[in-house]
Amino acid sequence: MRSIVFIVVDTLRADHLGCYGYHRSTSPFLDTLAEQSSVLDACYSTSNFTAPAFTSLFTSTYPYYHGNFFFNKQIANSPIKECLDAHRFDTHAIVTFGFFKNLLSRIWGGLEVVTETRSFDFSKELTGAVSDGAIEWLERWDGDRPFCLFLHYRGGHAPYRLPAEYETLFDSTDPDDIDQEIVEVFFPQHIERPKPKKKGERTFPRKHQLVNAMNTGRRKVNKATRQWIIDKYDASIKCTDDNVARVFESLKSHDRYRDTIFAVFSDHGEELWDHGQFGHADVHLYEEVIRTVGIIHDPLRTEAVRKAEPISHIQVMPSLMRLAGVRALPKQLVSFDFTTDMERKSSIDQPNLVFCIGPHKAAVRQGNLKLIEASPCHYLSKVKRLRSVLRILWMGELRRELYDLGIDPREKDNLANQSTQLRPLSSLLKQHIRVTKRRSDILDSGFKLSAAEQEKLEEELRSLGYL
Ligand SMILES: [Zn+2]
């Protein structure tokens with residue numbers, strides 16, 4: 001059995017990497033790795049924000065099955081973990097944010113949260129701390145079992161906090177043209193390790209409100225400021241790329257290097273005004289926010305392969321396990337394995353249904369066609385669903401959208417009123433949404449956070465802009 005290093009970078013849209021066609025040198029390491037790897041060109045998150053996306057990655061279930069939208073539920077077990085255990089994998093995780101404990105503590109082995117052990121939330125050194133932890137763990141590891149090491153990087157998640165050498169790396173606008181309020185909120189310079197907070201005190205009270213005001217048009221953002229944010233986002237990618245490279249270099253000198261699959265994904269992307277909005281976790285499910293990175297490096301098969309057919313995140317772990325040598329996947333995971341034709345350059349001749357569930361909308365892709373519909377998520381509370389409906393109406397987002405990504409990859413030409421494919425795709429999506437019964441064996445329904453844990457979780461989610 002072979003080992004797996006499974007890296008997931010937060011908030012990293014695929015098209016800002018050179019290997020996915022970006023014009024800037026944001027990712028020299030990943031670009032080189034991609035030339036010796038299988039690259040998934042149409043890899044999709046199951047949602048447009050962190051909690052449902054990661055829960056899907058670690059349970060191989062869609063959000064309507066797992067029902068975990070805010071990290072406040074604990075995953076009790078997962079077919080992925082059962083399979084890893086059955087094959088004696090040594091599982092370990094080094095992650096950025098504390099809320100991963102709710103997700104992983106019962107379905108993974110060792111778990112180091114670097115914000116508690118070697119850094120702190122929004123530290124400029126947070127990205128480096130994950131790599132430091134990974135390198136130390138790899139150097140220490142001398143077991144005779146295969147391992148599965150999961151690493152989470154904060155990637156391009158705002159606010160942008162970067163070591164000095166990255167801060168101005170891609171700056172391209174005149175500082176005099178940049179909105180200073182946005183600079184203060186998106187690029188805060190004076191955050192030290194937080195002192196114990198008073199009840200209800202917030203770390204970044206203004207970011208969520210500011211993004212909300214920007215996205216509803218109440219707060220205008222000039223062109224130079226938008227570009228300035230994109231420059232900082234790109235610098236965050238370069239910082240992550242350099243740190244992922246450090247882990248790979250360390251792995252290369254490891255005894256198990258030739259026996260280790262090195263996989264790099266992202267949990268979701270980021271809107272950078274491609275369709276008029278900034279951020280993620282809001283109404284949109286366009287490519288920039290749900291299409292993710294997917295690079296799988298196998299040192300025994302280093303030819304470049306581009307895989308064009310749509311792949312969902314629920315397929316990722318079963319496929320990595322198969323590449324690692326797991327012959328018999330659990331029954332419910334077998335059909336998710338996409339590795340069987342990995343060595344062939346596949347085209348979109350085997351349409352694969354891929355679903356994506358956001359808080360306000362749902363989407364399905366089949367072949368090149370992608371349908372997006374308004375659909376407040378069933379797992380929001382009644383009050384939140386009502387708010388979702390109002391938000392969709394307020395933002396003029398009620399329309400259905402159908403795009404042919406083969407000829408319109410930037411989703412500019414809505415075919416909803418002229419395609420006969422709208423109705424069958426819409427039925428497929430509704431059918432998926434009707435499956436609202438959670439897989440009861442995945443969530444721990446009796447799980448309750450203590451008041452202190454609940455407060456810490458809410459603070460963390462709020463500071464990231466989710467509440
Ligand atoms: Zn995320």
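**Entry 1: helix α4.** I began with helix α4, residues 79-86, and listed its buried residues: P79, I80, K81 and L84. The model I am reading is a predicted one. I then asked which elements the buried residues of α4 pack against. They pack against α2 (50-59), β4 (90-95), β6 and α13 (316-323). For the spacing of the list I kept one rule in mind: an α-helix has 3.6 residues a turn, so residues three or four places apart point the same way. Past the helix I noted R88, which follows α4 and has a positive phi, near 60°.

**Entry 2: strand β4.** I next looked up β4, one of the elements that the buried residues of α4 pack against. Because five of its six residues are buried, β4 is largely enclosed by the rest of the structure. I then took its two pairings in turn. With β6, β4 pairs in the parallel sense over five bridges, and T91 has C148 as its bridge partner in β6. With β5, the pairing is again in the parallel sense, over four bridges; here the partner of I94 is E112.

**Entry 3: the sheet.** How many strands form the open sheet, and in what order? Eight strands form it, in the order β5-β4-β6-β1-β7-β11-β2-β12, with mixed pairing. Its edge strands are β5 (110-113) and β12 (305-307), each of which pairs on one side only. Neighbouring strands are turned against each other by 15° on average, direction ignored.

**Entry 4: β1, β7 and helix α11.** I examined the pair β1 (residues 3-9) and β7 (residues 260-266), which run parallel and are joined by seven bridges. Within this pair, I7 has V264 in β7 as its bridge partner. I then looked for what packs on the sheet here and recorded helix α11 (residues 223-252), which touches β1, β6 (147-153) and β7. The direction of α11 makes about 170° with that of β7.

**Entry 5: the nonpolar core.** Lastly I turned to the largest nonpolar core, which has 122 residues. Which of them touch the most other members? They are F6, I7, L151, A263, V264, I295 and L320. Helix α11 gives the most to this core, with eleven residues. I7 and V264, listed here, are the bridge partners I had noted between β1 and β7. For F6 I looked up the contacts, not counting residues up to four places away in sequence: F6 touches C148, L149, F150, A263 and L320. Among these, C148 is the residue I had already recorded as the bridge partner of T91.

Terms used. Residues are numbered from 1 along each chain as its sequence is written. This is a predicted model: local features need pLDDT of at least 70, side-chain atom pairs count only at pLDDT 80 or more; totals for chains, interfaces and linings use all residues. Two strands pair if DSSP finds at least two bridges between them. Helices (H or I, at least four residues) and strands (E, at least two) are DSSP runs, numbered from the N terminus. Axes are lines fitted to C-alpha atoms, for helices over the stretch in contact, and angles run from 0 to 180 degrees between N-to-C directions. Two residues are in contact if their C-beta atoms, placed from the backbone, lie within 7 Å. A residue is buried if 20 or more other C-beta atoms lie within 10 Å of its own, exposed if 12 or fewer, and partly exposed in between; C-beta atoms are placed from the backbone. A nonpolar core is a set of buried Ala, Val, Leu, Ile, Met, Phe, Trp, Tyr and Cys residues joined through C-beta atoms within 7 Å.
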